[in-house]
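Hi there,

Here is the structure I promised to pass on. Have a look at it first, and then read my notes below.

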Amino acid sequence: MATLASGASSPLYAKRRRKNVVTMGMAYAATGFGLSWLALILGVLFWEGFSGLSLRVFTEMTPPPGASGGLLNPIIGSLVMTFLAVLMGTPLGILAGTYLAEYGRYDKLSSVVRFINDILLSAPSIVVGLFIYELMVAQMGHFSGWAGAVALAVIVVPVVVRTTEDMLTLVPDTLREAAASVGLPRSLMIQKVAYRAARAGMITGVLLAIARISGETAPLLFTALNNQFWTNDMNAPVSSLPVVIFQFALSPYKDWQELAWTGALIITMAVLALSITARFLGGERKKS
Amino acid sequence: MNSSGERPVVDVAFQGGGVISAAEKVDRAKVLKRLRFGDNAFRHLTRAAAVAVLVILSGIIFSLVYGSLPAMQKFGISFLFDESWNPVTEKFGAIAPIYGTVLTSLIAMLIAVPIGLFIALFLTELCPMWLRRPIGIAVELLAGIPSIIYGIWGLFVFAPFLQQYVQPFLISVFGNVPVLSNLFAGPPYGIGILTAGLILAIMVLPFITSISRDVFDAVPPMLKESAYGLGCTTWEVARYVVLPFTRVGVIGGVMLALGRALGETMAVTFVIGNAHRISGSILAPGTTISATIANEFTEAVGDIYTSSLILLGLILFVITFIVLAFARLMLMRLNARLGK
């Protein structure tokens, strides 16, 4: 800021300077405040989570209260459901994003879809749980891993739609024109040129979607439910890390609470690793 | 780019009457047909996928309405204003969860909005360039932490801390102040409306920060430099140039964060206490719509109970839909002004 020597003594100037110092001080303080929460949360999480971390966590099933055990079945359950959700949600999201960016960039349908997609992006995930409950659990008459995976897929779709569209929009039109000029039909132009140019960004979108759903609890509570034991049957209730954390943390048993912390640490590490990878891959990506 | 529809795939060589044999002509026509078919198929496929997004939304609305019909028929509009929540007599009302949802979100916004704006101000005006990216990433990591982590942390770390230190302090300070004494009445439970509101504040802080930073960054440097050139202080530039210019965007960001806060489930469920009553004190346990659903849905017996919970979900969806739609409209208005 330029300071004028002649005005330095006037009371008005002093008052303005004071106000500036106070508000700028508040900006520093606010940043310190925000960052200290991150440090506090991660600090406690590491402290509590690491003490319970051992090989057993990854090799044994969830224990009954009072016994020792691990988190193998919820970890596998989470991995399988996340995988299936991404498998179902990603193609749909990429295709829809392609329409928004390539075919109907300016038409009416696109602006409606874009608007609705943005709302779905931040809609309460518990409502998605209720939706899939009505759609699948109530119809089939039982909770199932499939229902959990579909619920997660519903959350994946808007994330992928959004990033796919954003990334394809960034592809320069000259590339498309070049492709068209050598006689490539539009669909091949999109698949061979646009997708390739936007690939890193689109992968980023998928990673962000995985990060988003791997911590989701609410949509699984009454779709996949929980399962104390190992199951290979996706038609049966399947346990997942977030739901097990929820159940164990609220229980009165000490060992369950410890396992909950360990599970929380595992999820957080996975999510942070995913989002950091995504950020490096995507570079300076504009966020919603 | 021409976007308004398909351009047919045509064979230029074919039309131009180039020198090609008859057999080649047939071959080219075949390939052309295949390409044309693939082109159309892909276009319709993407279009169908885009429509599927709309189908998901209508599916959500339809299933919620369908599932909540029994409760709607039984309680009618009075469901919205009834405080009772009794699974035994099957009498349900939504006002207590709605009250808790609105109040916790309000507390969260009161705290997170000013702090978020100040952090954004720091990031755009004060922070040295080399620090911007790391701090920006740190704030966004805060946004990436799953809500269940906030919940378990709130339950085991934050709530006991509040119970031991903050709440007794609040009670003793405001105990004799009229109006405020009611707000901070009662024993320090640790868990309750205030705790949930504070956790929500920490959770939405990154959203507000990251959107405000983005819109602050979009202010044309010329405007800011002119103000600095007139001798404005950093605060004056922020207050009288940046903020007015970005107002719609900031409001949009705040509404987006509000939408998140209203619908947040797990973090709140851990620390709200799940008590179906409206109490004047924000230290008392309460409940929110999402916490009620999360806590009770799997244990709900009987059609009316389940249906009432789904009706709660519908109410939550309608509220957040309105808030989020408003947020998007605001952000769209800012983008229109920036000519994006």
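Let me start with one helix. H9 covers residues 199-214 of chain A, and its 16 residues reach 23 Å from first C-alpha to last, close to the 22 Å expected at 1.5 Å a residue. That expected span is 1.5 Å times one less than the number of residues, and helices (H or I, at least four residues) and strands (E, at least two) are DSSP runs numbered from the N terminus.

A word on conventions. This is a predicted model, in which local features need pLDDT of at least 70, side-chain atom pairs count only at pLDDT 80 or more, and totals for chains, interfaces and linings use all residues. Residues are numbered from 1 along each chain as its sequence is written, chains are lettered from A and ligands numbered from 1 in the order in which they are written, and side-chain values use heavy atoms, with hydrogens and water left out.

Helix H6 of chain A (residues 145-170) has end C-alpha atoms 37 Å apart, which agrees with the 38 Å that its 26 residues should span. Of those 26 residues, 22 are buried, so H6(A) is largely enclosed by the rest of the structure. Glu165(A) in H6 links to Arg114(A) in helix H4 (residues 108-122) of chain A, 51 residues apart. Their side chains meet in a salt bridge at 2.8 Å, N to O; the rule asks for a side-chain nitrogen of Lys or Arg within 4 Å of a carboxyl oxygen of Asp or Glu. Glu165(A) is buried at 9%, while Arg114(A) is partly exposed at 24%.

Now the two chains together. 91 residues of chain B are in contact (heavy atoms within 4.5 Å) with 91 residues of chain A. The buried area, meaning the accessible area (1.4 Å probe) that two parts lose on being put together, summed over both, is about 8,300 Å², and carbon and sulfur atoms give 77% of it. The rule finds three salt bridges across this interface, against 13 in the structure over all chains.

Glu140(B) is worth a click. This residue pairs with Arg279(A), with the closest N and O atoms 2.7 Å apart, and also with Arg213(B) at 2.9 Å. Arg213(B) sits in helix H7 (residues 193-217) and Glu140(B) in helix H4 (residues 129-144) of chain B, 73 residues apart. Both are buried: Arg213(B) at 16% and Glu140(B) at 9%. Elsewhere, a network of salt bridges links Asp118(A), Arg162(A), Asp166(A) and Arg328(B).

What does Ser308(B) touch, leaving aside its neighbours within four places in sequence? The contacts are Ala71(B), Phe75(B), Phe79(B), Trp85(B) and Phe92(B). Ser308(B) lies in helix H12 (residues 303-337) of chain B and is buried, with 0% relative accessible area. Its side chain reaches the backbone oxygen of Ile304(B) at 2.7 Å.

Finally, two backbone details. Leu225(A) has a positive phi near 60° without being a glycine, in the loop between helices H10 (218-221) and H11 (241-249) of chain A. Glu90(B), also not a glycine, has a positive phi of about 55°.

Best wishes

Note on methods:
Buried means under 20% relative accessible area, exposed over 50%, partly exposed in between (1.4 Å probe, protein chains only). A polar contact is a pair of N or O atoms within 3.5 Å; within protein, one must be able to donate a hydrogen and the other to accept it, and residues adjacent in sequence count only if both atoms are side-chain atoms.
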